[in-house]
Amino acid sequence: MDRFIQLALSGIANGAILALVALGFVLIYKSSDVINFAQGELLLIGAYLTYAMVEQFGLWWPAGVVLAVALAAVVGVLIEQLVLRPLIGEPAISVIMVTIGLSSLLRAIVGAIWGVTPRPAPQFLPTDTVTILGANVGVDRIWAFVLAITLFAILTLFFRFSREGIAMRAVADDQQAALSMGISVKKVWAIAWAIAAITAAVGGILLMSIFGGVSGTIGRVGLLVFPVVILGGLDSIPGAIIGGLIIGLLQSFAGGYLPPEWGMGEVVPFIILLLILLVRPYGLFGQRIIERV
Amino acid sequence: MGFAMQSGTFHTTYASDVSLRPYWPQRIRIALVLALALIFPWFADRYWLNLANTIAIFAIGAIGLNILVGYTGLISIGHGGFLAVGAYTAGLMAVHLGTPMWITIPVASFFTAAVGAFFGLPSLRLKGLYLAIATLASQEIIIWLLTHGKLLGIGESLSLPRASNNLFGLPMEWLGNNDFAFYWVCLVALILTVIFVSNLFRTRVGRAFVAIRDQDIAAQVIGVDLFRYKLLAFATSSFFAGLAGALTAHYRGVISWERFTIDTSILFLAMIIIGGLGSVSGSIYGAAFMTLLPALLSNLARSLSDVVPNINAYLPYMQQGAFGLAIVLFLIFEPEGIVKMWRNIKDYFRLWPFSY
């Protein structure tokens, strides 16, 4: 039973981070129909910027984190303006490939600045553990969970009550109608990329704490976003959260209960992905208007 | 002839109407390229032969991917996985059965075609982005099978016995060193691939692929069996991926799964985007571009290493960054790729001096 609780808790915590990353991904997809393969690199940038601010420039850590997240948002907006705007109306393959090219470029830039050797996580991140229901859980994981839930709540409120949030929902629903109502679609896209970059940066900081350092492996988490969003539904924000938690739990249980030499934790999300695509391609909460043959 | 190369299409016989290269300038260009390909290995050193072989193998794989993505319109991010299937099939046969390469390469290609058709099954229900994500999953699953393949009796890497590199009983050493000998194998494989695929799109099957790409519902209405032709597209595409993988296995002698990760799938996608979607020659240009770009950068770094210290430490990032930048810039400024740039140049001379 202890083992079960242990696995469940770590699964939920990992799932919360996945959910955070998936949230940004879904926002971009909803508002601009772009599948963003560079989401993992946004994580990487957030983590390294925080590391640079706090450890290399020696800023007081809350200031460093805020500055890093703000810079990540700027990077997100720049990407949208410089790279994706010229490709409006191009076929899906072009948009996919441009984000793939972008991810390679971003990884190269990060690598050239910070190198390949893993850097230790900044001191301010918690490293101690607490005991819940007889299982040891890292405080950082609890933070991950709490932050994910908080961000989700903030975003829900943002979408329901703020002017920009409602505009984003309108664009996601029908671009033409939104344009004719005087909503600036360009502004909405910029906001979507900024929010995606911010959620990714927060996810990156939490991952840095969980992995105990910053290195290129943080970017690998970006691929796991696909099982999450397909399971939850590509255009559903609650789907991203629940999908993230389910994938996190499944990964944790598959890795913990099945023989470790099978390495099932890595592949289970992708098997789920294929099954979901075959059985229910719009996911748990997505709109049932996916392209079908 | 001069600059007045060709000012329109005018056929007087059926033979000229159906020929692949009906015009004399085209034929002369082909003859020149072929002559160059025949002369090249006698003057090139092993470094250049290695690059040429890499280009030829990549070109075969890229042509295969172009059948699927460029001609049939099904996006696949799993090509690297299919290359792995081809390479490991050939490798396992050579290691465990001692089969020579002239048997392993065709067997591996056909086996990969079957595996490709299997992983093409989601395409029956999905298209566009969803299919792309499904192929991403198949890529990850294939690599997982290879890395945890003790269940299947596959080690993490394979060393192929030298003796398996023989053609119809003749050992490859008989032709010369490894790079020189494989140059001819790769060249013949590439030429056969080019001829086959160029002709494929003049047949019923190839036309059906293009119809599916342009409008799948319309294609179905005029009698194209989507189920059959989509699987066939996956199988044909994977056949060439398997061919490229098997050639890689025998040429390199050692294979490991790192060579076939999602980065490889992306590399092949980049080749056909930069070369030109839906174009056989474009696939070759793209393969050449993607092979020569990093080689050029490392030569540049070597010659600058006296001026700029530490440049070698930055080389991998320069290569990766240039790769990403090339994709982004091509998509923004020339989405139709090198093949379009080449066509523009040809058009300029064709219409000269009245280029309007």
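Visitor: What makes α2(B) a helix that lies largely in the open?
Guide: In this predicted model, the number of buried residues among the 20 of α2(B) is zero, so the helix lies largely in the open. A residue is buried if 20 or more other C-beta atoms, placed from the backbone, lie within 10 Å of its own, exposed if 12 or fewer, and partly exposed in between. Helices are DSSP runs (H or I, at least four residues), numbered from the N terminus. Local features need pLDDT of at least 70, side-chain atom pairs count only at pLDDT 80 or more, and totals for chains, interfaces and linings use all residues. Residues are numbered from 1 along each chain as its sequence is written, and chains are lettered from A and ligands numbered from 1 in the order in which they are written.

Visitor: Why is Val95(B) called partly exposed?
Guide: Val95(B), which lies in helix α4 (residues 79-97) of chain B, has 16 C-beta neighbours inside 10 Å and therefore counts as partly exposed.

Visitor: What does Val95(B) touch, not counting residues up to four places away in sequence?
Guide: Val95(B) touches Leu158(B), Leu160(B) and Pro161(B); contact requires C-beta atoms, placed from the backbone, within 7 Å.

Visitor: How many residues of chain B are in contact with chain A?
Guide: 36 residues of chain B are in contact with 38 of chain A. α13(B) provides the largest share of that side of chain B, eleven residues.

How values were computed: Helix = DSSP H or I, 4+ residues; strand = E, 2+ residues; numbered from the N terminus. Contact = placed C-beta atoms within 7 Å.
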